[in-house]
Amino acid sequence: MALFDSLDASQRAFVEAPEGDNIRLLAPAGCGKTLCLLHRCKHLKGLAASRRTRFLIVMFTVAAQQELLKRLNENSEFSDLRDLVKITTLNAWGWDRVKKMDSVCNANLINKDRDKFSLAKNDLKPVWKKYEKIKQVIKNRKKNKFPKELINLIDDFKSLGFDHLDHSDFNKFSSHVDRICRHNIGRELFYKDLSILKDYEIIDGNAYPENILTDLEKTEIYDSFFQFWKDSCKHSLDIDK
């Protein structure tokens, strides 16, 4: 198969746009934007000829980053790009830049277990005390890993593209869950998080990756965890003001 034969005319126009142009690619989910990004890199590599060329691709979510890395590493068509492409998230790239600044000394993210424990137990207390199931798990001394896992769950839902403003009601939440399950972008991470919530008895449903979630299962997730997640995001923003 010749280079780019798998692309349609609009995709090829993006891939073969003149070097140095700023391009905005708009398309619905599932239209091949991820594939086009890698083909664009391959095209620019070909134009560079003997010049050493490297590419930085910045994604908004970890789920999107993982999807693009999977395409890059598993598709033999892009094997010659693997040492030339760096794929990161916007937050990770920004943090890396901050750490390299001379004016920043001993910078730390909240990623140590004790920091996450304190954040969940103390900073988010005004939120979780309103949600009985979550409150009971946090107060159970035998489940002392839960507070730090709760912070990881909150971060994971952000990585999966959930937005506490855009997904403000059940219908919008439900549509986003369907997109995750249908298009397999972040699906593995989403079901891993559901498994954790089930282990701690925050949700009771029997949801498995091979099935699109039922409305009843989505309602349970929405009522038992997502409402808490939305309030936690809002609370964190209010603290930072």
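# A tour of salt bridges, cysteines and a nonpolar patch

Select Arg71 and Glu67: these two residues form a salt bridge, with 3.8 Å between the closest N and O atoms. The model you are viewing is predicted. Both residues sit in helix H3 (residues 62-74), and because they are four residues apart there, about one helical turn separates them. Arg71 is partly exposed, at a relative accessible area of 32%. Glu67, with 18% relative accessibility, counts as buried, since the cut-off for buried is under 20%.

How many salt bridges does the structure hold? The count is 10. The next stops visit some of the others.

Select Asp204 and Lys133. Their closest N and O atoms are 3.5 Å apart, and the two form a salt bridge. This pair links distant parts of the chain, 71 residues apart. Asp204 is found in the loop between helix H10 (187-199) and helix H11 (215-240), while Lys133 belongs to helix H7 (residues 132-139). Color by accessibility and Lys133 comes out partly exposed, with a relative accessible area of 38%.

Move to Lys218 and Asp178, a salt bridge whose closest N and O atoms are 3.0 Å apart.

Now select Lys42, Lys45 and Asp80 together. Salt bridges that share partners join these three residues into one network.

Turn next to the surface and select Leu56, Val58, Phe60, Leu90 and Trp93. These residues make a nonpolar surface patch of about 510 Å². Which elements each supply at least two residues of the patch? They are strand S1 (55-59) and helix H4 (90-99). Pick out Val58, which is found in strand S1. Val58 has a relative accessible area of 36% and is partly exposed.

Finish with the cysteines. Select Cys41, which is buried at a relative accessible area of 6%. Then select Cys233, also buried, with a relative accessible area of 8%. A disulfide is a covalent bond between the sulfur atoms of two cysteines. The rule used here asks for a pair of cysteine sulfur atoms within 2.5 Å. By this rule, the structure has zero disulfides.

Methods: Residues are numbered from 1 along each chain as its sequence is written. This is a predicted model: local features need pLDDT of at least 70, side-chain atom pairs count only at pLDDT 80 or more; totals for chains, interfaces and linings use all residues. Side-chain values use heavy atoms; hydrogens and water are left out. Buried means under 20% relative accessible area, exposed over 50%, partly exposed in between (1.4 Å probe, protein chains only). A salt bridge is a side-chain nitrogen of Lys or Arg within 4 Å of a carboxyl oxygen of Asp or Glu. Patches are made of residues with over 30% relative accessible area and no salt bridge: like charges are joined within 9 Å, nonpolar side chains (Val, Leu, Ile, Met, Phe, Trp, Tyr) within 5 Å. Accessible areas come from the Shrake-Rupley method with a 1.4 Å probe; for residues, only the protein chains shown count as cover.
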